[in-house]
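Please keep the view open beside the text as you read.

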Amino acid sequence: MPLYVYYGGYGFYGYPLWEWILLIASLVIAVAAQINVSATFSRYQKESNASGLTGAMAARQILDANGLQHVPIEMVEGKLSDHYDPRANVIRLSREVYFSNSVAAVGVAAHETGHAIQYQVGYTPIKIRAAIIPATRIGSALAFPLVILGVIFSAFSFLVPLGILLFTAVVLFQLVTLPVEFNASSRALKVLRERQMLSPQELKGAGKVLHAAAMTYVAALITAIFNLLRLLAIASRNRN
Ligand SMILES: [Zn+2]
């Protein structure tokens with residue numbers, strides 16, 4: 001029996017209603033998470049921290065204190081484009097974070113040092129994440145074309161489970177991203193508190209910025225799970 005029968009029958013344009021509801025829900029969640037992180041960042045970007053540290057200065061201090069003097073900090077264009085690049089072993093901070101002495105900038109910069117430290121100490125979830133990146137790239141690009149090809153041409157029906165397997169890697173990747181991101185943020189807040197780089201009041205603001213950023217990864221996981229359900233539904237319709 002096809003999956004969609006259990007979820008309320010047909011909806012619009014031949015798609016079952018439950019698929020539409022999940023699609024709209026995941027879009028709303030993703031957009032809300034993006035708006036929230038932008039708004040929270042802007043709010044605490046207006047608050048300068050009392051110690052006058054810029055994002056770049058804060059990141060340098062934390063890296064040096066962890067024996068990571070060899071990890072450079074570069075500036076990168078784009079809004080909220082801050083990241084740690086494990087292959088080049090470099091932290092790249094957006095212009096707004098690099099030069100700003102705001103509470104938000106120091107929070108984001110400290111978060112990125114958290115990723116560099118995760119690599120240094122061999123934090124398990126980040127190793128799993130790195131290991132499944134190739135499958136994730138293939139999965140997000142090819143899973144839907146493979147499954148659809150397998151559904152249309154019965155000679156290629158073996159592509160259906162292959163596509164689903166590849167997309168499962170995407171879901172796993174988004175899932176294991178959550179401990180990586182939450183752990184980088186808790187490392188950041190801990191070091192900012194211990195080294196007194198931010199005051200207790202400022203720490204609350206930085207925490208809100210990092211929490212809002214983490215919610216975008218939760219939204220990405222929800223979207224990935226929804227897409228996996230859609231793939232399973234396509235495969236299930238094919239069998240009937
Ligand atoms: Zn991160």
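This is a predicted model: local features need pLDDT of at least 70, side-chain atom pairs count only at pLDDT 80 or more; totals for chains, interfaces and linings use all residues.

Which residues have the most contacts inside the largest nonpolar core?

1. Residues are numbered from 1 along each chain as its sequence is written.

2. The largest nonpolar core has 53 residues, and Ala 59, Val 106, Ala 109, Leu 192, Ala 206 and Val 209 have the most contacts inside it. Such a core is a set of buried Ala, Val, Leu, Ile, Met, Phe, Trp, Tyr and Cys residues joined through C-beta atoms within 7 Å. Buried means that 20 or more other C-beta atoms lie within 10 Å of a residue's own, with C-beta atoms placed from the backbone.

3. Two or more residues of this core come from each of helix H1 (17-45), helix H2 (55-65), strand E3 (90-94), helix H3 (95-99), helix H4 (103-121), helix H5 (124-152), helix H6 (159-194) and helix H7 (200-239). H6 gives the most, with twelve residues. Helices (H or I, at least four residues) and strands (E, at least two) are DSSP runs, numbered from the N terminus.

4. Now look at the sheet. Three strands form an open sheet in the order E1-E3-E2, with mixed pairing; strands pair if DSSP finds at least two bridges between them. E1 and E2 are the edge strands, each pairing on one side only. From one strand to the next, the twist averages 30°.

5. Strand E1 (residues 73-76) runs parallel to E3 over four bridges, and Ile 73 has Ile 91 as its bridge partner in E3. Strand E2 (residues 83-85) is antiparallel to E3 over three bridges. Here His 83 stands opposite Arg 92, and Tyr 84 stands opposite Ile 91. E2 and E3 form a hairpin with four residues between them, and Asn 89 in the turn has a positive phi of about 50°.

6. Why is E3 largely enclosed by the rest of the structure? Four of its five residues are buried, so the rest of the structure largely encloses E3.

7. H2 lies across E1 and E3, at about 160° to E3; axes are lines fitted to C-alpha atoms, for helices over the stretch in contact, and angles run from 0 to 180 degrees between N-to-C directions. The buried residues of H2 include Gly 55, Ala 56, Ala 58 and Ala 59. Those four are also touched by Ala 109, as are Leu 93 and Val 97, not counting residues up to four places away in sequence. Contact here means C-beta atoms, placed from the backbone, within 7 Å. Gly 67, which follows H2, has a positive phi near 70°.

8. Finally, the axes of H1 and H4 come within 6 Å and cross at roughly 120°. They are therefore oblique to each other, a class left over once angles under 35 degrees count as roughly parallel, over 145 as roughly antiparallel and 65 to 115 as roughly perpendicular. Phe 41, Tyr 44 and Gln 45 of H1 meet Val 103, Ala 104 and Ala 105 of H4.

Technical notes: A residue is buried if 20 or more other C-beta atoms lie within 10 Å of its own, exposed if 12 or fewer, and partly exposed in between; C-beta atoms are placed from the backbone. Two residues are in contact if their C-beta atoms, placed from the backbone, lie within 7 Å.
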